[in-house]
Amino acid sequence: AFDKKISIGMKVLIDGTIPRSAGLSSSSALVVCAALTTAIANGITIGKTDLAERCAECEKYIGTQGGTCFYEIFLWKIC
């Protein structure tokens with residue numbers, strides 16, 4: 001179970017080359033980036049599959065939602 005509270009805030013600038021709204025999972029990439037950065041900054045250890053599932057759940061709140069496969073692909077590629 002994941003029960004650690006987020007205690008460290010941050011200011012983040014994100015830059016990339018994935019075009020917005022082009023069907024290339026730009027929102028999924030952004031969600032993974034934010035989740036991974038937040039976890040690292042707060043010393044949270046979380047498995048890739050668990051983090052991917054949480055990313056899928058979070059993206060529902062910003063108006064889009066992909067399957068967990070998008071998040072898992074990003075996480076397995078960068079971690």
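View 1. R54 is partly exposed, at a relative accessible area of 33%; here buried means under 20%, exposed over 50% and partly exposed in between, with a 1.4 Å probe and protein chains only. Bear in mind that this is a predicted model, where local features need pLDDT of at least 70 and side-chain atom pairs count only at pLDDT 80 or more, while totals for chains, interfaces and linings use all residues. Residues are numbered from 1 along each chain as its sequence is written, and side-chain values use heavy atoms, with hydrogens and water left out. The partner of R54 is D50, and the closest N and O atoms of this salt bridge lie 3.3 Å apart. A salt bridge needs a side-chain nitrogen of Lys or Arg within 4 Å of a carboxyl oxygen of Asp or Glu, and the count by that rule is one. D50 is partly exposed as well, at 31% relative accessibility. Since D50 and R54 sit four residues apart in helix 2 (residues 48-59), about one helical turn separates them. Helices are DSSP runs of H or I with at least four residues, numbered from the N terminus.

**View 2. The buried face of helix 2.** Helix 2 runs for twelve residues and reaches 16 Å from its first C-alpha to its last, close to the expected 16 Å; the expected span is 1.5 Å times one less than the number of residues. L51, A52, C55, A56 and E59 are its buried residues. Looking down the axis of helix 2, these buried residues fall within an arc of 140°, so they line one face of the helix. The arc is taken from the directions from the helix axis to the C-beta atoms.

**View 3. The largest nonpolar core.** Eight residues make it up: V31, V32, L51, A52, C55, A56, Y71 and L75. Helix 1, helix 2 and helix 3 (68-78) are the elements that give two or more residues to this core, and helix 2 gives the most, with four. A nonpolar core is a set of buried Ala, Val, Leu, Ile, Met, Phe, Trp, Tyr and Cys residues joined through side-chain atoms within 4.5 Å.

View 4. Helix 1 has 16 residues and spans 22 Å from first C-alpha to last, close to the 22 Å expected. S28, V31, V32 and A39 are buried in helix 1. Seen down the axis of helix 1, its buried residues stay within an arc of 95°, so they line one face. Just after helix 1, G43 has a positive phi of about 65°. N42 sits in the loop between helix 1 and helix 2 and counts as buried, at 5% relative accessibility. Between N42 and S7 there are 6.6 Å, C-alpha to C-alpha, though they are 35 residues apart in sequence.

View 5. M10, V12, I14 and L30 make a nonpolar surface patch of about 340 Å². Patch members have over 30% relative accessible area and no salt bridge, with nonpolar side chains (Val, Leu, Ile, Met, Phe, Trp, Tyr) joined within 5 Å and like charges within 9 Å. M10 belongs to the segment before helix 1 and is partly exposed, at 36%. D15 is in the segment before helix 1 (26-41) too, and at 74% relative accessibility D15 counts as exposed.

Definitions and conventions. Areas by Shrake-Rupley, 256 points an atom, 1.4 Å probe, with all protein chains shown as cover.
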